[in-house]
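Let us read a few features together. Start from the display below.

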Amino acid sequence: MQVFKAYFYIIKRNLAQMLIFLVIFLALAVGFASMGVGQSATEFEESRPDIALFIDDDSVIAEGFGEYMAQKADIKPIPDDEDALRDALFFGDITYILRVPEGFCDFLSGEDPMQLIRQAAPDSIYAKYLDSIADAYFRHARAYIMFSPDTDEKTIVDNITSDLALEN
């Protein structure tokens, strides 16, 4: 019983200080709870990284790829110079460099496709994202060419664009 008397004696002596802390705690809790009201994220907005895109191939599919990448990323006009590109990556002006080499779209005639030339900033979160966008575009192109070889390139580009718009 002495323990309870001591407990209530201490509470009674410090009641004013405890009430002050309780009021401050409740005021902060109500304040923080009301800060997030009305700011709910209802819409997803796709991130648009800054990239440098160079298309050396003159095919319609490569041009369509350039237009598709312009929808997915902000293409910065950087000179096609190795030092300028490295500086842009280093200083964070761009996060990704993508080059479509000449003859890349020769897989239309059945040749083995070349590889895209890719370079990303270190620790870039956008590298895999942009790689998957480019790979998806050219996977669709290969599928259309393989399964309907008589279709012209403009129709293939239109079909790819409409297919990829449905996936997103």
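Q: Which residues of α3 are buried?
A: Buried means under 20% relative accessible area, exposed over 50%, partly exposed in between (1.4 Å probe, protein chains only). In α3 the buried residues are I61, A62, G64, F65, G66, Y68, M69 and K72.

Q: What is this model, and how is it numbered?
A: It is a predicted model: local features need pLDDT of at least 70, side-chain atom pairs count only at pLDDT 80 or more, and totals for chains, interfaces and linings use all residues. Residues are numbered from 1 along each chain as its sequence is written, and side-chain values use heavy atoms, with hydrogens and water left out.

Q: How many residues has helix α5?
A: Helix α5 (residues 127–147) has 21 residues. From first C-alpha to last it reaches 30 Å, close to the 30 Å expected. Its buried residues include L130, I133, Y137, F138 and I145.

Q: Where is I55, and is it buried or partly exposed?
A: I55 sits in strand β1 (residues 50–55). I55 counts as partly exposed because its relative accessibility is 30%. I55 and V100 are 45 residues apart in sequence, yet 4.7 Å apart in space, C-alpha to C-alpha.

Q: Where is D106 found?
A: D106 is in the loop between β3 (96–100) and β4 (117–120). Its relative accessibility is 34%, so D106 counts as partly exposed.

Note on methods
Helices (H or I, at least four residues) and strands (E, at least two) are DSSP runs, numbered from the N terminus. The expected span of a helix is 1.5 Å times one less than its number of residues.
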